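Please look over the structure shown here before reading on.

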Amino acid sequence: MQVSVRDNNVDQALRALKKKLQREGVFREMKLKQHFEKPSVKKAREQAEAIRRARKLARKKAQREGAL
């Protein structure tokens, strides 16, 4: 990952880097890997995340269709 520093403005470049890392999910992955997660817990978490994503997608779809 690469971020360019313009006009010697390191703070702005650091903000851009953090935003890119956040979008890529690096911080979330680091947090999850800090401690061991049992396979059963991992499976349950992933299923809950999938349900959350599906509900969010359905909400957005319903909102789009309702607006038309």
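The notes below cover domains, helices and salt bridges, in that order.

This is a predicted model, in which local features need pLDDT of at least 70 and side-chain atom pairs count only at pLDDT 80 or more, while totals for chains, interfaces and linings use all residues. Residues are numbered from 1 along each chain as its sequence is written, and side-chain values use heavy atoms, with hydrogens and water left out.

**Domains**

- The chain is split into domain 1 (1-34) and domain 2 (35-67), with bounds that come from an automatic or database domain assignment.
- Taken over C-alpha atoms, the centres of domain 1 and domain 2 lie 25 Å apart.

- Helices here are DSSP runs of H or I with at least four residues, numbered from the N terminus.
- Helix α1 (residues 10-24) has 15 residues and spans 21 Å from its first C-alpha to its last, which is close to the expected 21 Å, a value defined as 1.5 Å times one less than the number of residues.

**Salt bridges**

- Side chains of opposite charge can pair when their charged atoms come close.
- A salt bridge is counted when a side-chain nitrogen of Lys or Arg is within 4 Å of a carboxyl oxygen of Asp or Glu, and a search of the whole structure finds 3 of them.
- One of these joins Arg28 to Glu49, with the closest N and O atoms 2.3 Å apart.
- This pair links distant parts of the chain, since Arg28 sits in helix α2 (residues 26-32) and Glu49 in helix α3 (residues 39-67), 21 residues apart.
- Arg45 forms a salt bridge with Glu37 at 2.8 Å, N to O, and another with Glu49, where the closest N and O atoms are 3.1 Å apart.
- Arg45 and Glu49 are separated by about one helical turn, because they are 4 residues apart in helix α3.
- Through shared partners, the salt bridges join Arg28, Glu37, Arg45 and Glu49 into one network.

**Accessibility of the paired residues**

- Buried means under 20% relative accessible area, exposed means over 50%, and partly exposed lies in between (1.4 Å probe, protein chains only).
- Glu49 is buried at 13%, whereas Arg28 is partly exposed at 48%.
- Arg45, at 21%, counts as partly exposed, and Glu37 is also partly exposed, at 22%.

Key. Helices (H or I, at least four residues) and strands (E, at least two) are DSSP runs, numbered from the N terminus.
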